[in-house]
Amino acid sequence: KTSDIPETRRGREQNTEDRLIPRDSAPVCRLSTAWSSHGSRRINFGRRKRQRLDSRHQDRHRKTMRTPAPLLLLLLASPRAAASGGSYDVSADGTPVPASGEASDGDGPGGPDSLIAQQFTSDPLGHRDPLEMVGDGTVGLVGISLLPTSLAGPGGSHAMVEGQFCSYDPAAGGGGLPAGIAEGRSEHCAEHRYAMPLRDALRAARDADASDPGAVRVRVHELSGIVLEEGLQTPGGDLVTSALARLGGSHVVNAHPALRDALSACDVARARFGVEECDRAAHVELVRDVVHLLSRVRPGEGAEADAEADAEEATPDRRTMYVKLSMESTVYLPLLAESFPSAPWTLVYDDDAAHALGAVTATGRGPCARSARRPSEALVRKGEEIGGAEALRSLSVHEVCAAYLSAGLDVAVREFEDGDRGMLISRSEDMDGGDGDGKAEAFLDRMKGHFGLEHHGAPALLKVWDLVSLSPVIVSNGGRGERDDLAEVERASELFMGESMDRLRRARRRKMV
């Protein structure tokens with residue numbers, strides 16, 4: 001019965017029905033005046049349904065109001081673009097142009113009057129052509145971005161690889177520090193970067209080098225050695241790298257993220273995106289292109305300033321470059337050897353496997369702790385020895401990191417035995433002990449012959465070694481106080497690294513001169 005409902009209420013419900021329920025929906029309307037079987041109370045099914053519809057409509061309205069507009073999301077995700085008045089592309093001739101037809105006068109949310117733009121300083125290099133700045137060395141490579149299929153083409157050449165550039169001193173602090181620290185000391189890199197196709201940047205660099213044969217603007221260094229280390233997690237802690245960085249005429253690229261990403265590109269595409277195709281020639285080309293861009297240094301920066309001030313230690317015609325990589329890149333040693341067949345390499349390792357494992361697991365957040373989810377090809381092979389991918393993912397953090405270190409050691413030992421460009425350096429046997437037993441001088445003689453440092457005299461090398469070994473940045477490996485996981489570290493290192501360390505020691509004894 002509807003006669004019991006007040007007229008105003010009945011009219012209000014009828015208006016609601018007119019908005020939400022079609023007039024030809026008779027069965028639905030009939031449900032609106034149904035009674036319960038007991039007759040004691042009326043159950044208005046239609047009104048309940050309308051209330052749910054109204055509630056959902058209001059929720060959608062509130063969510064729409066809370067969702068930022070796409071343009072605002074773009075500006076929040078790219079504050080540098082907002083600070084410079086919008087995002088920019090690089091045209092075919094290298095001229096920066098507004099992206100997608102954006103107005104370049106700064107109007108709109110990304111203009112100079114916006115709150116986002118006011119958080120950043122104006123770009124002091126914004127008036128210059130980014131490709132021109134790559135050519136004269138004003139800006140340097142700080143990172144790369146690539147698609148999962150960038151190396152999948154059959155033509156032996158990489159495609160759709162983007163480079164990020166900003167102005168920083170690649171040898172800040174005298175050299176030998178990780179690239180991230182050098183970049184972090186640059187005010188320009190903190191707020192301004194330029195993205196451009198890596199091929200265009202490489203072409204601009206080579207054109208500039210060809211037009212400047214005297215290397216007045218930019219000095220190009222020849223890759224003369226690769227240094228890999230195991231376990232050590234302290235900036236500047238590797239004595240070999242720090243000593244090389246302080247030699248006149250030397251340029252050290254330490255743990256650069258662009259080179260790390262170039263080396264792991266195929267493994268990331270396979271493990272994260274399921275792309276199995278990876279052209280080896282294209283991969284080699286990408287690694288060479290990244291190293292070439294990293295080898296260019298403007299005169300008067302970092303170690304180059306020391307070379308000019310200390311002429312007796314530097315040979316102007318010999319500009320050497322050394323690349324230092326962390327343990328996660330050791331598995332790509334065959335790729336590095338193929339890309340640079342004449343470059344010698346050395347692995348600095350810890351004779352105490354538990355000591356090395358304790359260093360990389362001290363925080364529990366290192367690259368080895370995440371390696372089971374996206375393993376390299378070498379770690380996949382290691383996982384097959386213990387039961388496959390599922391067994392690898394079921395390991396504890398200590399066990400995964402031990403397998404991770406073991407995979408790198410196995411690759412290094414194979415390259416050491418099959419080739420003649422490698423050298424294994426033990427921290428305890430080759431580097432510790434001071435000068436009382438002549439160990440430091442003997443080690444420097446090996447280094448001098450291996451890396452081609454004959455143009456530096458022995459006194460200069462000893463002087464550099466003493467300077468570096470007494471530096472406050474040289475910190476003991478893994479010295480982090482008492483730990484409650486030492487038993488687990490010992491067990492995992494013995495289980496997963498024992499055989500690898502035995503093979504390494506046997507290989508070192510066989511080829512030791």
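Colleague: What makes β8 and β10 count as paired strands?

Modeller: Five bridges join β8 to β10, and these strands run parallel. A pair needs at least two bridges found by DSSP, so the five between β8 and β10 qualify. Within β10, M321 is the bridge partner of H251.

Colleague: What kind of model is this?

Modeller: It is a predicted model: local features need pLDDT of at least 70, side-chain atom pairs count only at pLDDT 80 or more, and totals for chains, interfaces and linings use all residues. Residues are numbered from 1 along each chain as its sequence is written, and side-chain values use heavy atoms, with hydrogens and water left out.

Colleague: How do you know that β7 pairs with β10?

Modeller: Strand β7 (residues 222-229) and strand β10 (residues 320-325) share six bridges in the parallel sense, so they also pass the bridge criterion. L223 stands opposite M321 of β10, and L228 stands opposite L325.

Colleague: Why are β8 and β12 called edge strands?

Modeller: The open sheet has five strands in the order β8-β10-β7-β11-β12, with parallel pairing. β8 (250-254) and β12 (422-426) each have a single partner strand, so one side of each lacks a neighbour in the sheet. From one strand to the next, the twist averages 20°.

Colleague: What packs on that sheet?

Modeller: Helix α20 does, touching β11 (345-349) and β12; contact means heavy atoms within 4.5 Å. The direction of α20 makes about 140° with that of β11.

Colleague: Why is α20 called roughly parallel to α24?

Modeller: α20 (residues 397-418) and α24 (residues 486-511) pack at about 5°, with axes 8 Å apart. Angles under 35 degrees count as roughly parallel, so α20 is roughly parallel to α24. The residues of their contact comprise 13 nonpolar, four polar and nine charged.

Colleague: What makes β10 mostly covered?

Modeller: Six of its six residues are buried, that is, under 20% relative accessible area (1.4 Å probe, protein chains only). T320, Y322 and K324 lie on one side of β10, with M321, V323 and L325 on the other, and all are buried.

Colleague: What do the totals for the protein look like?

Modeller: The protein has 24 helices and twelve strands; helices are DSSP runs of H or I with at least four residues, strands runs of E with at least two. Of its 513 residues, 46% count as buried. Among contacts with a separation of 6 or more, 79% join residues 24 or more positions apart.

Note on methods. Buried < 20%, exposed > 50% of the residue type's maximum accessible area, 1.4 Å probe, protein only. Axes fitted to C-alpha atoms, helices over the stretch in contact; angles between N-to-C directions. Parallel < 35°, antiparallel > 145°, perpendicular 65-115°, else oblique. Nonpolar A, V, L, I, M, F, W, Y, C, P; charged D, E, K, R; others polar.
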